[in-house]
Amino acid sequence: MSHTVIQFNGHERLLAKVKGYLHAMDKLIQDGDQAMDLLIKALDVADDETKLKIVLLLGSMGSARAVWPLYRLMTDLNQNDTIRHAAASQLSLVGAMTKDHGALVDNLIADLGYHHAAVRAAAAFALGWEGNQRAVGPLVDALCDVDPEVQQAAVGALANIGDERLFDVLANAMWRSTKEQQRCILYHLSCFKSHHKEVIEICAHYLGQGDADLRYDALVVLDSVCGTQKPLHLYLQCLEDPDQRIREQALVYLAGADRGQLRRKNMDLCVLPLVQDASPVVRQAALRLLNHIGHGPVPV
């Protein structure tokens, strides 16, 4: 009689069960806490692709039980950047949905002083959920972090917290920031809906600056906050910009304006010279805009 023992791989069974949950949300909901236990347990043995899917699932469940497993992944420098960033993102979601998040906020604020910039950036990002007022002061301090990624994560978190009073904090920070931080803040200012008039003024200022990247960003943000009320005079200014990206984008945005308004402003006269532009994409955008205005076919 054979005494051979067949080894059973518990990890494989665990992962098979977890992968079943990934494809059957109804079963996940039905199993409740049992499913949560298996998902958390699988984080230690799953490959990176499966681990990432588990992380995203844990965040969507909104359970306080997911907080510390996600936190552990976020602060584990042995994990790859994608997983740690996903853990930080999902941790922010769970924090927003969980009433008792005091200990989590304490830990994340402490991590803003961690020696490794990747952990500081992840902590800043994770703190950015709506109404997380306790994080405002530490995140404002993080705007002065020596690492640009930490600075940008702090900007995004402050915008996500949603307190309109933070607009002035970010707007004032722009004028003493690096170029990359200015670009980051500029995009996030559009989140403050009650300050769109000030955002338009800031964009108008940047459209007259020497850096082409900042001018382009200002144009994009300007259009996003203006909606249907296009500031035609600013777009006309951009038609003469030395950067072809900005000329093209201004033409594209003008094509989204009211046709009657463009005709009343004799916009076709301003656009016609661009049919001879050195850039093919600008020439094409100019022709499309003229067609939108109703000028008809224009010879190139």
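Three helices, namely helix 6 (81-97), helix 8 (117-126) and helix 10 (148-161), each contribute at least two residues to the lining of the largest pocket; helices here are DSSP runs of H or I with at least four residues, numbered from the N terminus. The model is a predicted one, in which local features need pLDDT of at least 70 and side-chain atom pairs count only at pLDDT 80 or more, while totals for chains, interfaces and linings use all residues. Residues are numbered from 1 along each chain as its sequence is written, and side-chain values use heavy atoms, with hydrogens and water left out.

Among the residues lining the largest pocket are Asp81, Arg84, His85, Phe125, Glu149 and Gln152. By class, the lining comprises six nonpolar, three polar and three charged residues.

Turning to helix 14 (residues 212-226), we find Asp223 within it. Asp223 is buried, at a relative accessible area of 13% (buried means under 20%, with a 1.4 Å probe and protein chains only). Its side chain makes a polar contact of 2.5 Å with that of Tyr235; such a contact is a pair of N or O atoms within 3.5 Å, where, within protein, one must be able to donate a hydrogen and the other to accept it, and residues adjacent in sequence count only if both atoms are side-chain atoms.

What of the cysteines? The whole structure holds zero disulfides, a disulfide being a pair of cysteine sulfur atoms within 2.5 Å. The sulfur of Cys226 lies 7.7 Å from the closest cysteine sulfur, in Cys203, so it is too far for a bond. Cys226 is buried, with a relative accessible area of 11%, and Cys238 is buried at 2%.

Terms used
Buried < 20%, exposed > 50% of the residue type's maximum accessible area, 1.4 Å probe, protein only. 1 Å grid on protein atoms, 1.4 Å probe; cavity = no way out; pocket = protein on both sides within 12 Å on 5 of 7 lines; lining within 4 Å. Nonpolar A, V, L, I, M, F, W, Y, C, P; charged D, E, K, R; others polar.
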